[in-house]
Amino acid sequence: MKTMKMNFRKRNGRAKKTENVGYIEVKDAMQGSGIEMYIYGDIVSTEWDKWSDEDRCPQDIADFLAQIDRNADMTIYINSGGGDVFAGIGIYNILKRHTGHKKGIVDGMAASIASVILMACDEIVVASGAQVMIHKPLTIGLGNADDFAQIIEQLDKCQQSITEIYMCKAKEGVTEDEITEKINAETWMSGAEAAELFDISVEEKPAIAACVSCMMDRYRYKPEGIRTESAEDAEARRTAAEEEAAIIAEMELCGI
């Protein structure tokens, strides 16, 4: 049995260096079996945008796939509150290019752009108790009326792009208008409810992971009981981690 370890890295701003924040072991990678990928945490553009060790960016996924056979079957576990739209679409397209069979399993939730990433999988399973959420793209705007008109146009184009992706996995008979209605309403769905719209199945075992995401405060109708984390909490946690890393780095320099 061959085992390959892939490190994930994150910038440590105070120590002015990058550091390993975790890894994935790929077993039998060269033989095309036993490959698992975990997309937990928020979806961000680059490693410099990561707020927690679990966050993922397109380069993480590209690096992972570069180390395995492109025809290898793999299972992708998702528990994410979403994140950057274009980063998510990038991850979707990177995964789509992988020619091996991709089974996607929603462990806790696939919300917002994470639900778009989920659609890259050939086979989709939602654990009992897990949630899938689709909604309109969000942004923060600044400027005059012309600037906001351009922002609205861009948001509409983003929504059309993600709608087209959803339609690729829509069940026969489900129309684009039906999907659009669910998007506009910010719809949270159990596996059974999602299976009414998309070609997915429900796994008869409970969801195994809660999701802590600073994205949750941006959503209007999030289900009760979901653990959330504000951007301020995430920043405080990241600052504390950077201060700890800086102290360790200074101790190493002093030979302690």
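The protein chain exposes about 13,400 Å², of which 49% is supplied by carbon and sulfur atoms (accessible areas by the Shrake-Rupley method with a 1.4 Å probe, only the protein chains shown counting as cover for residues). The model is predicted, so that local features need pLDDT of at least 70 and side-chain atom pairs count only at pLDDT 80 or more, whereas totals for chains, interfaces and linings use all residues. Residues are numbered from 1 along each chain as its sequence is written, and side-chain values use heavy atoms, with hydrogens and water left out.

The protein chain contains 7 helices and 9 strands (DSSP runs numbered from the N terminus: H or I of at least four residues for helices, E of at least two for strands). Of its 256 residues, 44% are buried (buried, under 20% relative accessible area; exposed, over 50%; partly exposed, in between; 1.4 Å probe, protein chains only). Among contacts with a separation of 6 or more, 66% join residues 24 or more positions apart (contact, heavy atoms within 4.5 Å).

The largest nonpolar core comprises 49 residues, and M37, I39, L65, M74, L95 and Y166 have the most contacts inside it (a nonpolar core is a set of buried Ala, Val, Leu, Ile, Met, Phe, Trp, Tyr and Cys residues joined through side-chain atoms within 4.5 Å). Helix 2 gives the most to this core, with 7 residues. Beyond its neighbours within four places in sequence, L65 touches M37, M74, I94, L95 and H98.

L65 also belongs to helix 1 (residues 58–66), where the buried residues are P58, D60, I61, F64 and L65. These buried residues fall within an arc of 160° when seen down the axis of helix 1, and therefore line one face of the helix (the arc being that of the directions from the helix axis to the C-beta atoms).

Helix 4 (residues 145–168) spans 35 Å from its first C-alpha to its last over 24 residues, close to the 34 Å expected at 1.5 Å a residue (expected span, 1.5 Å times one less than the number of residues). At its N-terminal end, helix 4 is capped by N144, a side-chain oxygen of which lies 3.0 Å from the backbone nitrogen of D146. The buried residues of helix 4 are C158, Q159, I162, T163, I165 and Y166; their cover includes helix 2 (85–97), helix 3 (113–118), strand 7 (131–134) and helix 5 (176–184).

L197 lies in the loop between helix 6 (191–194) and strand 9 (201–206) and is buried, with a relative accessible area of 7%. Apart from neighbours within four places in sequence, its contacts are K169, A170, K171, V174, I179, K182 and M189. The C-alpha atoms of L197 and K171 are separated by 5.7 Å, although these residues are 26 apart along the chain.

Definitions and conventions:
Polar contact = N/O pair within 3.5 Å; in protein donor to acceptor, adjacent residues only side chain to side chain.
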